[in-house]
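Thanks for coming, everyone. Please look at the screen, and I will talk you through a few details.

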Amino acid sequence: MDEPWQNNVSQQGTEIPAYGEGGGQQYPYQTDFPQPEGGVDEDARSDVTEGHDEDVEAMYEGEYQGIPHPDEIKAAQRAARAEARKKARQAAAATEEEDLAEQYENIMEDCGHGRFQWTLFLVLGMALMADGVDGFVVGFVLPSAEKDMCLSNANKGMLGLLVYVSMMVGALVWGGLADKMGRRKCLIFCLAIDCVFSFLSCFAQGYGFFIFFRFCSGFGIGGTIPIVYTYFAEFLQMDKRGEHLSWLCMFWMFGGLYASFTAWGVIPHYGWGFSLGSEYQIHSWRIFILVCMFPAIIALVGLVFMPESPRFLLENARHDEAWMILRQVHDTNWKAKGEPERVFTVSNITTPKNQDDEFIEIQSDTGTAFQRWTVRHMTLVKQVMQNIMSLAAPDLRLQGLFLAIIWFTMAFSYHGLSVWFPDMIKYMQYEEYESKVKLFHRERVERFHFNFSLVNQIHKEGEYIHDKFMNIEIKSVKFEDSLFENCYFEDIKSTNTYFENCTIKNTVFYNTDLWEDSKFKDCRMENATFLHPKKGCHLNFQEENDIVIYMVSFLGSLATLPGNIVSALFMDKLGRIKIIGGSMLISSVGTFLLLLSFNQGAVICCQCLFYATSVAAWNGLEVITVEVYPSAKRCTAFGVLNGSCKLAAIIGSFIFAKFIGITKIVPIFLAFASLVCGGLLATKLPDTREKILE
């Protein structure tokens with residue numbers, strides 16, 4: 001018969017594996033009771049027992065037999081437990097993010113759609129309108145600025161190129177910063193930079209300063225599109241998102257209409273300018289730039305009264321600020337709807353753990369102000385670059401590649417044809433003008449007073465003796481192998497006028513823009529006098545700035561109205577994919593109508609048709625880009641895609657412009673191929689109509 005203590009040991013021993021697993025704890029029965037006769041098993045002997053030396057020696061020998069050291073086993077166990085904890089934290093973080101997305105969507109539904117969203121809609125719409133205006137400014141002022149500054153064709157091309165490059169850089173930089181610094185803050189910076197440098201460009205007299213100021217202005221305005229759509233989307237509930245983002249797109253059309261209308265009304269009125277001395281002149285095209293600043297100024301003032309995106313604040317663990325803003329949205333909307341008694345009932349909002357909180361800061365007593373500033377901004381740049389690189393993650397790589405290709409093909413065809421249409425109209429006007437040129441050969445004019453303008457003429461081997469040219473305009477006139485003897489030129493304005501291989505004898509040029517370095521090519525000067533020459537290029541702005549160009553831009557912008565309305569009404573019903581793909585494929589078919597455009601009217605009709613059918617694709621792209629990417633990367637991804645759009649615009653504008661007057665087939669084929677490729681690839685994009693913003 002067993003002793004009672006032995007039975008007790010046996011019973012408690014059955015619990016040893018459950019209690020002692022991985023714990024290594026001492027059990028009561030091992031010390032509270034006397035040991036059985038014969039002592040303790042050698043295998044069970046503790047390190048503190050008498051057999052310690054033998055165990056150590058056995059373990060030492062075990063190393064040669066491939067048996068792991070106990071310390072290695074413990075280290076492996078610790079590593080396994082750490083890995084398990086890490087996976088658990090990651091799973092919890094993913095759950096928190098999912099909970100935040102769902103909870104935020106429920107909160108926005110509870111806040112409703114009302115006065116707050118419509119106020120923000122108007123403010124952000126003006127910012128988007130400012131971007132639309134800026135896209136037209138350079139094209140409208142160039143015909144005037146090139147004469148005012150005597151720009152060559154190379155300088156004109158460089159100006160247009162640098163503006164697009166600056167907008168591309170601005171989209172990349174501000175898109176990345178908006179995910180780290182905040183949507184509202186970065187948008188204020190963008191608009192402020194645009195306003196300041198646009199204002200300075202109005203007064204720049206030299207080409208170098210003008211192009212620098214326009215570059216800085218483009219850098220600022222380039223960040224508006226990625227931020228505006230992201231900012232507004234984060235205040236919208238899911239069932240309102242597609243429609244209201246599409247309505248917001250209409251402000252870009254309003255920007256084109258505003259720019260075209262004001263250019264039409266301001267630039268041709270050369271007398272609206274003023275001069276401060278002979279060197280400092282403010283002509284009408286500079287006043288036009290000032291007028292174009294109004295949308296940006298209005299948006300900038302409005303943003304001062306708008307809050308930051310609460311979704312951005314929650315992503316950055318700023319719970320209390322986000323809660324206050326959401327309550328403001330709730331109260332503003334329900335008070336406007338006549339229900340002020342409704343209370344914002346949300347008491348706590350899930351905040352994800354932010355992995356970017358490792359923000360290194362030098363303490364105020366360990367570094368200079370410059371060192372602290374440098375560390376903060378270098379860390380910010382590092383975080384932005386890491387965010388950009390994270391767009392290549394496996395879960396975002398494929399759909400990001402598809403979106404980038406669609407953005408690129410759409411921008412290539414759209415901006416390429418946007419350059420081709422007005423240039424083609426100008427070329428047709430030039431051909432018509434050249435067909436009406438008057439040729440004068442070997443004429444002899446003596447003691448005659450020219451008091452009427454000379455326009456579109458060629459004079460070859462003429463002789464002009466004792467003649468007076470006073471207070472007239474000479475436009476598109478060429479004198480070849482002619483003789484001017486004892487002539488007098490006074491108060492002459494010339495445009496595209498040259499003297500080639502001519503002989504100038506005893507002739508006086510007083511207060512004219514005909515001076516030796518610019519208008520006379522391979523001419524022989526004998527006692528010619530230039531008094532008070534007008535430095536610069538002068539022209540009749542009323543005629544040079546043909547209103548047809550302004551009308552074409554106005555009609556092109558207005559033609560997008562039906563497409564904007566259709567896309568807004570059907571964005572949620574048909575879906576983003578069908579809107580993008582259908583719009584691109586329909587507009588690709590319409591490009592073949594360009595083969596039938598043999599006059600200015602036909603080109604204008606084709607332009608309006610193309611803009612009307614293609615604008616829906618732009619709206620769909622902007623909506624789906626906002627919805628595909630998570631909040632922490634949304635502005636960054638939008639900035640990268642918008643930057644690729646500007647790159648495509650540069651390439652398309654350059655290529656399409658090269659074929660003006662040569663052939664129509666190449667531009668039409670390139671536009672058709674890019675639109676078809678983008679339209680077909682759009683079918684591979686995910687359907688995001690019912691997707692909660694991650």
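At what angle do helix H10 and helix H11 pack, and how far apart are their axes? Before I answer, one caution: this is a predicted model.

Now the answer. Helix H10 covers residues 224–233, and helix H11 covers residues 238–266. The two pack at an angle of about 145°. Their axes are 10 Å apart. Why give those two values? Because two packed helices are described by the angle between their axes and the distance between the axes. The crossing of H10 past H11 is right-handed.

Who makes the contact? From H10, we have Ile 225, Val 228, Tyr 229, Phe 232 and Ala 233. From H11, we have Arg 241, His 244, Leu 245, Leu 248, Cys 249 and Trp 252. Sort the residues of this H10 and H11 contact by class, and you get nine nonpolar, one polar and one charged.

Next topic: charges. Side chains of opposite charge can pair when their charged atoms come close. How many salt bridges does the structure hold? The count is 15.

Take Arg 214 and Asp 134. They form a salt bridge, with the closest N and O atoms 3.3 Å apart. This pair links distant parts of the chain. Arg 214 sits in helix H9, residues 207–221. Asp 134 sits in helix H6, residues 115–148. In the chain, 80 residues separate the partners. Are Arg 214 and Asp 134 buried or exposed? Both are buried.

Glu 315 and Arg 311 meet in a salt bridge, at 3.3 Å from N to O. Both lie in helix H14, residues 310–315. They are four residues apart, about one turn of the helix. Why does Glu 315 count as buried? Because its relative accessible area is 17%, and buried means under 20%. Arg 311 is at 2% relative accessibility, so Arg 311 counts as buried too.

Here is another pair. The side chains of Glu 446 and Arg 444 form a salt bridge, 3.5 Å from N to O. Glu 446 has a relative accessible area of 42%, so Glu 446 is partly exposed. Arg 444 reaches 52%. The cut-off for exposed is over 50%, so Arg 444 counts as exposed.

Last, a network. Which residues are joined by salt bridges that share partners? They are Asp 179, Arg 183, Glu 234 and Arg 634, in one network.

That is my tour. Over to you.

Methods: Residues numbered from 1 in each chain as written. Predicted model: local features only at pLDDT ≥ 70, side-chain atom pairs only at ≥ 80, totals over all residues. Heavy atoms only, no water. Salt bridge = Lys/Arg side-chain N within 4 Å of Asp/Glu carboxyl O. Buried < 20%, exposed > 50% of the residue type's maximum accessible area, 1.4 Å probe, protein only. Axes fitted to C-alpha atoms, helices over the stretch in contact; angles between N-to-C directions. Left-handed = near helix turned anticlockwise from the far one by under 90°. Contact = heavy atoms within 4.5 Å. Nonpolar A, V, L, I, M, F, W, Y, C, P; charged D, E, K, R; others polar.
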